[in-house]
Each structure stands twice: as structure tokens, then as C-alpha cells.
Amino acid sequence: MTLAHRQTEKSNGFSARKNINLDSVDRKLIALLVANARESVTDLAKKLGLGRTTVHERLARLERNRVIAGYSTILSRSLEGNSNRALVMLSIVQRMQPALMEHLKMLPEVLSCYTVSGEFDLILLVEAPQMDDVDAVLDEIIGLPGVERCRTSIIMATNFQRGNGQAIAVG
């Protein structure tokens, strides 16, 4: 593994996975799991027109090679309530990034944080029940040591969302 690869691996939070070629059956299997990660191996096998053992072996290979890194639950937007979301773009003092990241991790309204290239250094996805709550979180973020500049865009609607490379319906 090269130094550049290790640095990329460390910075993006993903562990290394072997380069494997996915065939059309692998892709269909992954799409079925993205739609319903709780689908039984038997049902997956029926939908793919394969034997249960074959599907089980493919799943094991995809997991072993870190193509499938885990399974999760995606809540329906109707269950989460009418929350407000915003994309928050931050310019930061680079040497203060580690301490700033620790502060951001402590804010439950910050759902995700991305290091990006371009005019800004970080992009946050922020969610709160009321717009006043979003505003309060933004005030807190702007006041954190190391934040130089902030630009916010309120998310009006989610048309679709991708997870593991597949489209996920948003209810």
C-alpha cells in the first residue's frame, strides 16, 4: 500500500478493500440489499434466479472484500418528523482542524462532515426540528475556534438519495 493510499484511507474513514470486479449478478444483489438489507438469502436467491448457497457465498465474498462494509437502517422521513436540513460550508484555520472536528462531533445536529477542495474546507450536513434550532446551531458553529467563514444553504427538498451507489427512495 502506498503512502498516498494510506493517507486517503485515513482521511476518508474507509478501510482498504481489495480491487475486485463486480459482475451483473453482484450489482443486482447489491441493489436488492440497498432496497431491503433485511431480505432473506432465500428471497434474494429467488429474485436473482440462483441457488441459496451461491447467494450466500457471493454475500460472504462481498463482505470479506469490503464491498459490503455493513448494514444499516434508514428511517423514513415521515418517522423523523418535519426536520429542517442545511448544508453548511466552512472556511477554517487548517492547524485548528483536529480540535474543530472534536467540537463538531459533539453537536448532535451535525449529521455528517466532509473535507472538500475549493473555496471552503468543510461541508456539514445539519439537521434540526425547527428552523430556529438550525439557526442556533449555526450560531454555535460560527463561534467555534478555527471557523473563519461560513455559508449556509437550506435544503428545500430531497428528490432522491444515494447509498452504496444505488438510488434510495425518500418517503
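Asp 133 is located in helix α7, which spans residues 131–142; helices (H or I, at least four residues) and strands (E, at least two) are DSSP runs, numbered from the N terminus. With a relative accessible area of 33%, Asp 133 is partly exposed, where buried means under 20% relative accessible area, exposed over 50%, and partly exposed in between (1.4 Å probe, protein chains only). The model is predicted: local features need pLDDT of at least 70 and side-chain atom pairs count only at pLDDT 80 or more, while totals for chains, interfaces and linings use all residues. Residues are numbered from 1 along each chain as its sequence is written, and side-chain values use heavy atoms, with hydrogens and water left out.

Asp 133 belongs to a surface patch of negative charge that also contains Asp 132, Asp 135 and Asp 139. Patches are made of residues with over 30% relative accessible area and no salt bridge, like charges being joined within 9 Å and nonpolar side chains (Val, Leu, Ile, Met, Phe, Trp, Tyr) within 5 Å. Lys and Arg count as positive and Asp and Glu as negative, whereas His and the chain ends are not counted. The place of a charge is taken as NZ of Lys, CZ of Arg, CG of Asp or CD of Glu.

Helix α7 also holds Met 131, which is partly exposed at 36% relative accessibility. Together with Ile 154 and Met 156, Met 131 forms a nonpolar surface patch with about 330 Å² of accessible area; accessible areas come from the Shrake-Rupley method with a 1.4 Å probe, and for residues only the protein chains shown count as cover. Ile 154 lies in strand β4 and is partly exposed, with a relative accessible area of 37%. When residues up to four places away in sequence are not counted, Ile 154 touches Arg 85, Ala 86 and Met 131, contact meaning heavy atoms within 4.5 Å. The C-alpha atoms of Ile 154 and Ala 86 are 4.3 Å apart, although 68 residues separate the two along the chain.

Over the whole chain, the secondary structure amounts to 7 helices and 6 strands, arranged along the sequence as α-α-α-α-α-β-α-β-β-α-β-β-β. The chain has 171 residues, of which 29% count as buried. Its accessible surface comes to about 11,700 Å², with 52% belonging to carbon and sulfur atoms. Among contacts between residues at least 6 apart in sequence, 62% join residues at least 24 apart.

Side chains of opposite charge can pair when their charged atoms come close. A search of the whole structure finds 8 salt bridges, each defined as a side-chain nitrogen of Lys or Arg within 4 Å of a carboxyl oxygen of Asp or Glu. One of these joins Arg 58 and Asp 23, with an N to O distance of 3.1 Å. Because Arg 58 lies in helix α4 (residues 52–64) and Asp 23 in the loop between α1 (3–12) and α2 (24–35), the pair ties together parts that are 35 residues apart in sequence. Arg 58 counts as buried at 18% relative accessibility, whereas Asp 23 is partly exposed at 34%.

A salt bridge also connects Glu 127 with Arg 85, the closest N and O atoms being 2.7 Å apart. This pair links distant parts of the chain, with Glu 127 in strand β3 (residues 122–128) and Arg 85 in strand β1 (residues 84–92), 42 residues apart. Both Glu 127 and Arg 85 are buried. Glu 119 and Arg 151 likewise meet through their side chains in a salt bridge (3.6 Å, N to O). Glu 119 is in the loop between β2 (110–115) and β3 and Arg 151 is in strand β4 (residues 147–155), so this pair ties together parts that are 32 residues apart in sequence. Arg 151 is partly exposed, with a relative accessible area of 41%. Salt bridges that share partners join Asp 23, Asp 26, Arg 58 and Arg 61 into one network.

Two further loop residues may be described. Asp 121 is placed in the loop between β2 and β3. With residues up to four places away in sequence not counted, Asp 121 touches Leu 90, Ser 91, Ile 92, Gln 94, Tyr 114, Thr 115 and Val 116. Asp 121 and Ile 92 are 6.4 Å apart in space, C-alpha to C-alpha, and 29 residues apart in sequence. Arg 66, in the loop between α4 and α5 (77–80), has a positive phi of about 65 degrees although it is not a glycine. Arg 66 is partly exposed, with a relative accessible area of 36%.
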